Amino acid sequence: MAEITGYRRPHWGTQPSYLHPTYGSSQRRSPTKPLVVLPHTLSEVTGPLFGHDDVGPNDNDLTRQHAGDPIGERMILTGRVLDENSRPVPFTLIELWQSNAAGRYRHKVDQHEAPLDPNFTGGGRTLTDADGRYRFVTIKPGAYPWRNHHNAWRPAHIHLSLFGPSFLTRLVTQMYFPGDPLLPFDPIFNAIPDPIARDRLIAAFDWENTTPEHALGYRFDIVLRGRDATPMER
Amino acid sequence: MSLRATGSQTVGPYFHLGFSWLYVDKLAGPGMSGERVTIEGRVLDGDGKPVGDAMIEIWQADAHGRYAHPGDEHDKPLEPGFKGFGRVATDENGVFRLATIKPGRAPGPGGQPQAPHVVVSVFMRGLLKHLVTRIYFPDEPSNADDPVLNLVEPPRRSTLIAKTVAGSEGLLEWNVILQGEGETVFFDV
């Protein structure tokens, strides 16, 4: 049978542990027994694929989902999706969700005392192009309190979800904003052990994509797991 | 040149905003070959409390053991229209339900066929990175020889095998226990 090329294990420090005690919810939701190391089989090196039929033409513009304009700082988020071998990941689905400019999610569970914006839902999606590039238009989300610890406020962030080419490349992450004073206090951000890996979760202000009288630009590149050089399965 | 992978972060409690457009709880269309099964279960935390804000994604082969992916180059028929992807959120009682077909046997290490199985990702608030596990099927003789099940210490294997629900037709129970007694086996992939 054909040999299977597995995927590289994540580099030390780039990924959080399941248990991060200062993030309260992780304490009763992280596994306590050691994980079983799994050889990569055809089941893992394949994974769901999505195409242009799955995504609508305006699904990447969160400012055009309602009759009026949402309130807040309009922003254009662009970036590239690459793998660890520096190859672009083309035609992969990126899903995005976030709070509105006041730091409130359009969700029944979110009872934060900040206004809902009738013109902002906070969900979008797109596919990367042939060069792995993506683009969203949205509103900068606000910080919000979350009761994890005394005076806990989440730094402004945008949730991003990617599939990549396999079950193993699945990634859900959060993008943060440069210069946010809340970052040093945030246990979720700080759960990434390596400070360099942590800083890669912070987008760059992007003057080139900042458009006059319209929107600020931010750039956020995302790196998915890369394949091993040697076949794992014989 | 090599880059380092972007770090994982929790989906948080409000993931429906990004994910609900692609909820898929019925994987098999009419006329598709294979044994119909419904997998139902609960997600429970370390206090035994239901997790009402979890999301489960599954990926599986069709009834012939073939994945709808170009990486599967095996000389087997691909069931037309079978995508093999499912995504559901738990309800306030921690319950999820997926209607699908029992997959065929896909190849594993050394060319040895794997027992029929579904691969699973579990996401929720509190999980900084998603958990990976598998669902196997009850009364399946090939479970005994499965190369992945055999990596698991015998007393814990049952956490990966769905249970037949007595008196039902094609209903299987499979739970995600995050901690403690009966803790589900999760994989480091």
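Buried area is the accessible area, taken with a 1.4 Å probe, that two parts lose on being put together, summed over both. The model treated here is predicted.

**Exercise 1.** Describe the extent of the interface between chain A and chain B.

Solution. Begin with the residues: 82 of chain A are in contact with 73 of chain B. Next, take the area: about 6,800 Å² is buried between chain A and chain B, and carbon and sulfur atoms give 60% of this area.

**Exercise 2.** Determine how many salt bridges cross the interface of chain A and chain B, and examine the one formed by A:Arg9.

Solution. The rule finds 6 salt bridges across the interface of chain A and chain B. For A:Arg9, the partner is B:Asp188, with the closest N and O atoms 3.3 Å apart. As to composition, the side of chain A that touches chain B has 38 nonpolar, 26 polar and 18 charged residues.

**Exercise 3.** Identify how strand 2 of chain A is joined to strand 10 of chain B.

Solution. Strand 2 (residues 36–37) of chain A and strand 10 (residues 187–188) of chain B run parallel and are joined by 2 bridges. At residue level, A:Val36 has B:Phe187 as its bridge partner.

**Exercise 4.** Classify the aromatic pair of A:Phe205 and A:Tyr218.

Solution. The structure holds 14 aromatic pairs over all chains. In the pair of A:Phe205 and A:Tyr218, the centres are 6.1 Å apart and the planes make an angle of 75°. The pair is therefore edge-to-face, since the angle is over 60 degrees. A:Phe205 lies in strand 11 (residues 204–205) of chain A and A:Tyr218 in strand 12 (residues 216–219) of chain A, 13 residues apart.

Technical notes: Residues numbered from 1 in each chain as written. Chains lettered and ligands numbered in written order. Predicted model: local features only at pLDDT ≥ 70, side-chain atom pairs only at ≥ 80, totals over all residues. Heavy atoms only, no water. Contact = heavy atoms within 4.5 Å. Salt bridge = Lys/Arg side-chain N within 4 Å of Asp/Glu carboxyl O. Nonpolar A, V, L, I, M, F, W, Y, C, P; charged D, E, K, R; others polar. Pairing = 2+ DSSP bridges. Helix = DSSP H or I, 4+ residues; strand = E, 2+ residues; numbered from the N terminus. Phe/Tyr/Trp six-rings, centres within 6.5 Å; stacked < 30°, edge-to-face > 60°.
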